[in-house]
Amino acid sequence: MAVNPLAKYLRPGSLPHFFCPGCGAAQVMNYFLQAADRVKLDFGELVAIGGVGCTARIPVYLNCDALHGVHGRTLPWAMGAKLHNPDLKTVIFAGDGDAAAIGGNHLIHASRRNLDVVMIVVNNLTFGMTGGQAAPTTPRDLRTMSTPFGTVEAPFDICQLAMTSGATLVSRWSTARGREGTDAIARALEHEGFSLVEFVAQCPTNFGRRALRSGDPWQGLQWIDEHSVTARDVSKVDLKDINGRFVLGDFVQEHRPVFTGSSVVGASRGHEGGRA
Amino acid sequence: MLGNYAVVEGALAAGCDFFAGYPITPANEISEHMARRLPEVGGVFLQGEDELCSIYAVTGASLAGAKAMTATASAGFNYMQEGIGYAVASEIPCVIVDVQRCRGENFATQADVMQMRWGASGDHELIVLAPSSVQELFDFTVKAFNLAEEYRTPVIVMSETTIALMRENLVIPHQEAIHIVDRRTPQVPPERFVPFEAQPNTTPPFPVLGAGYRVLHSLNPHDDQGGIAWDPDVYEKLYARITGKITRHRGSITEAEEHHLDDAEIVLVTYGSEGRPALDAVLAAREEGIKAGLLRLLTIWPVPEEQLVAAAKRSSAMLVVEMNIGKYAGEVERVCSGLSPVSRVTKNRGAIHTATEILEAIREAVV
């Protein structure tokens, strides 16, 4: 029987995984493995970090050093590890809860500092693991388990937040655009500095069934794709025109010194306190 | 030297090479001194965006091989409980200094004594040391790092406004004279290493991130391989070991200092800076012919039960001295129940006891 060529990157004995059939987070794990394989990522020097939630379980299945189990603190963990040993390759897998709700403050500051880690955000627009409550990313006028009369809060744009705060690589794709998304992860893995790749992803079980009234993963993908618009340059997108759609694209890739600590001898003499 | 500076020098002497903290009075001098000193010795100083960032950066750095520390004060210590709980569950050594203060005001207190022990959710044991002087802030910080590495657990140094902002003489021993415990790392290759396999009540070796051992560190209940497992037997065994590694070594972890206990009829029990006026009061009582003694607990968690029982057995009264509404006194009552009557003299008004106040309590207790 043929073995999936990416199976060698999985932690022995960790399957079967716990993702629901049709889960977008599991798709993103697949994209990550394809990208890692392409850039020949050394899993012996990889630290994969997840907080709490469905996406946060991805590191559990990867055959590398991994941290898991506290909601929202993926970036501080990564920062401690990375500042002590800059040679570690550190990749965070965060849901929209980890990244933009409980961990939102850390995201702002990791972007500002240009911390040299990769953050892959699976934005399934809901709190999936806890049963489908509204998230800071849930679009308006959708019924969820915690908004029985429809969402009234304006949703967060995670990529805009990261870009405004200074992240040096920012892309957003969706699970309906796997090829572009995989390319973005590959670029992020080779980028030095804070990289954020967001995937708008379907959650058939707890977003689809509740907000979209369909638990069919295919319909979830189609809904995301119909509500997406691709942009070369997000700064040129007229937000009034997009009418609540997800703007997809590779938005930023620039070079800036990475963070090495808050107190660096000689920092005031002009090298911004970072490794050039 | 300033007490807060002594903490820094003690940490550096112990090999600390990572510090993360968020500004808060009266712990600021620890961060500020670290910011200057750590880069000089090749370490990393991080000013986190909050206390949560600080405690998790400390555990992340420790996982990567650092000897890591944070310092905060009571209000900030609240925020760190989540990260302390994670460090306990995932067995990550680190040192936390809590300079206790009164609800946003920088007055003297020992009000966090129970939070040090019980602040984090879930089952856990913690090691907490209670220095009473600038010298002990140095010495106990060194000891905290050693205990953290030996038992793979967070260790808390219970500081107080009184000693943190006090200047006293400090003798820093030659580096060779300072006992340092380093991390026990696996002696077998990755393919033969079982990350969380250990004898009951012991700690497994600890490979650093990136060393090729590919360990999953999860807060969730995990089996010997580190795999997340909901199995009541796995859970029970894991927490029996994580708590047992502290409680079963109570005798070698705990320390208490004895003064005039040989013939003491009344034994004062105290900890931290309260040990200073308590000793003065004992000496004054003896001048009045009252046979008083002092048992000063240098380790407050786990409770030095053997030392307390021994003191209770040979005295006719115990008097707990503490600077809060009376918290640790309950522990002393629990341990000494049936051996010796326990009374308490507490002070909860932002100031340390005077020796006179304690002496009056001694007089009342022996009437």
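Which residues of E10(B) are buried on one side, and which on the other? I looked this up first. On one face I found Ala292(B), Leu294(B) and Arg296(B), on the other Gly293(B), Leu295(B) and Leu297(B), and they are all buried. I noted the cut-off: a residue is buried if 20 or more other C-beta atoms, placed from the backbone, lie within 10 Å of its own.

**Ground rules**

I am reading a predicted model, where local features need pLDDT of at least 70, side-chain atom pairs count only at pLDDT 80 or more, and totals for chains, interfaces and linings use all residues. Residues are numbered from 1 along each chain as its sequence is written, while chains are lettered from A and ligands numbered from 1 in the order in which they are written. My helices (H or I, at least four residues) and strands (E, at least two) are DSSP runs, numbered from the N terminus.

**Entry: the neighbours of E10(B)**

E10(B) covers residues 292-297. I checked its pairing next; two strands pair if DSSP finds at least two bridges between them. Strand E8 of chain B, residues 256-259, runs antiparallel to E10(B) and is joined to it by four bridges. Here I found Glu258(B) opposite Leu295(B). Strand E9 of chain B, residues 266-271, is parallel to E10(B), with six bridges. Two pairs I marked are Val267(B) opposite Gly293(B) and Tyr271(B) with Leu297(B).

**Entry: the sheet**

I then followed the whole open sheet, which has five strands in the order E8-E10-E9-E12-E13 of chain B and mixed pairing. E8 and E13 (342-346) are the edge strands with a single partner each, so one side of each has no neighbour in the sheet. From one strand to the next, the twist averages 20°.

**Entry: the helix across it**

H10(B) lies across E8, E9, E10 and E12 (317-322) of chain B, at about 165° to E10(B). Such angles run from 0 to 180 degrees between N-to-C directions, with axes fitted to C-alpha atoms, for helices over the stretch in contact.

**Entry: two domains**

Chain B is assigned domain 1 (3-177) and domain 2 (257-366), with bounds from an automatic or database domain assignment. Their C-alpha centres lie 27 Å apart. I found 22 residues of domain 1 and 21 residues of domain 2 in the contact, counting two residues when their C-beta atoms, placed from the backbone, lie within 7 Å. On the domain 1 side, H5(B) gives the largest share, four residues. That side has 14 nonpolar, four polar and four charged residues. Asp, Glu, Lys and Arg count as charged, Ala, Val, Leu, Ile, Met, Phe, Trp, Tyr, Cys and Pro as nonpolar, and the others, Gly among them, as polar.

**Entry: meeting chain A**

The bridge partner of Ala66(A) is Leu216(B).

Conventions
A residue is buried if 20 or more other C-beta atoms lie within 10 Å of its own, exposed if 12 or fewer, and partly exposed in between; C-beta atoms are placed from the backbone.
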